[in-house]
Amino acid sequence: MSGAGPSAATTRSAAEYRIEDLAHASGATVRTIRAYQDRGLLPTPERRGRANVYRDTHLARLRQIADLLDRGYTLASIKELLEAWDAGRGLGGVLGLVAEVHGPWTDEQADRITLDELHAKFGGVQGDQAVAEAVELGVLERIPGREDEFLVPSPQELSVAVELHAAGVPLIAISGHLRELRGQVEHIASRFLEFTTEHVFARYLGHRPPTDADAAEAASLVRRLRPLAQQTVDAELARAMRTFATRHLQHHLCADTPLTPGPSTSEPRSVPLPPETMQAVQRLVGPQNVAAFVAAATEREVHARTLDALATSHHESGRICQND
């Protein structure tokens, strides 16, 4: 009949794929699709004659797998999630939690910059090595097909580098400082996540994967707690900078003011511990391991509290070059 809609056969055909077609639609290779089948990550395709027939459910599953892989999940953990979904447990909350954690942790918007603009900002033509260093550090990202243009994930970070260079800091020193700073900040981030996981999120992540309701509640908490890490670091950094800027100024203005106050000797000294503490440690690790345990515990605590210890271990001096 003229003007009639597509037949059922046509609709069914439009939603069917040979493995080569599925690979083209999903962006995966034929080899990858077969590997996913072997690992149980994809539903078994329909066998029609000598060929396998795939449907939109297979395409959707491949896209989910690709998304989770991009977010750092292993195939083993993805399989657990998908098996829970196939068993009837919803994954809406879990995928919402994944999206919340993977989302931006700053309001800063990425920008673009041309090579000429980069040269202008740094006061001259920068060598290939300097650009490659910036790309390696993630300060710049290459744009496919554009040799003279870069993505700037954090314009604020690039502006800091520009100001430091204008003040006389060599680029090699800036990149070295950023590498060192990044390692320290990653340690802080790791500690913050350990802390919040232990005291907040552990109760939601007891099941693998978590229930839909628990994952949704955890995602809500991530939104609430997201700014706390930066706010805490900002406050502690401001306090530490005030303390140490004063100390550095005293050191450079007054010849007799040490840069790092404290005992000048590096000789070890004894610190008495309560007998009950020593007995508890001895019961825990054995007499021969007491010293190593105390040393390791002390070092771990020092690392965990580095910023706070640096900022609060010494009172800020109220005057520069105070006279006796």
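At roughly what angle do the axes of helix α9 and helix α10 cross? Before the answer, a word on the model itself: it is predicted, so that local features need pLDDT of at least 70 and side-chain atom pairs count only at pLDDT 80 or more, while totals for chains, interfaces and linings use all residues. Residues are numbered from 1 along each chain as its sequence is written, and side-chain values use heavy atoms, with hydrogens and water left out.

The axes of α9, which covers residues 155–166, and α10, which covers residues 171–201, cross at roughly 135° and come within 10 Å. Here an axis is a line fitted to C-alpha atoms, for helices over the stretch in contact, and angles run from 0 to 180 degrees between N-to-C directions. That angle makes α9 oblique to α10; angles under 35 degrees count as roughly parallel, over 145 as roughly antiparallel, 65 to 115 as roughly perpendicular, and the rest as oblique. On the α9 side, Glu157, Ala161, Leu164 and His165 meet Leu171, Ile174, Leu178 and Arg182 of α10, where contact means heavy atoms within 4.5 Å. Sorted by class, the contact of α9 with α10 has five nonpolar, one polar and two charged residues; Ala, Val, Leu, Ile, Met, Phe, Trp, Tyr, Cys and Pro count as nonpolar, Asp, Glu, Lys and Arg as charged, and the others, Gly among them, as polar.

Helix α10 also packs against helix α11 (residues 212–253), at an angle of about 140° and with the axes 11 Å apart. The two helices α10 and α11 are therefore oblique to each other, and α10 passes α11 in a right-handed crossing. From α10, the residues Ile188, Phe192, Val200 and Phe201 meet Ala218, Leu221, Val222, Leu225, Leu228, Ala229 and Val233 of α11. By class, the contact of α10 with α11 has eleven nonpolar residues, no polar and no charged ones.

Helix α11 also holds Arg226, which counts as buried because its relative accessibility is 16%; buried means under 20% relative accessible area, exposed over 50%, and partly exposed in between, with a 1.4 Å probe and protein chains only. If neighbours within four places in sequence are left aside, Arg226 is in contact with Glu100, Gly103, Pro104 and Trp105.

A further pair of helices is α2 (residues 19–26) and α4 (residues 56–70), which pack with their axes 10 Å apart at an angle of about 40°. The helices α2 and α4 are therefore oblique to each other, and their crossing is right-handed. Leu22, Ala25 and Ser26 of α2 make the contact with His58, Leu59, Leu62 and Arg63 of α4, and these residues divide into four nonpolar, two polar and one charged.

Tyr54 counts as buried because its relative accessibility is 1%. Although Tyr54 and Tyr17 are 37 residues apart along the chain, their C-alpha atoms are separated by 4.9 Å.

Finally, the whole protein can be described. Its secondary structure comes to 14 helices and six strands, where helices (H or I, at least four residues) and strands (E, at least two) are DSSP runs, numbered from the N terminus. Of its 324 residues, 24% count as buried. Among contacts between residues at least 6 apart in sequence, 59% join residues at least 24 apart.

Definitions and conventions:
Left-handed = near helix turned anticlockwise from the far one by under 90°.
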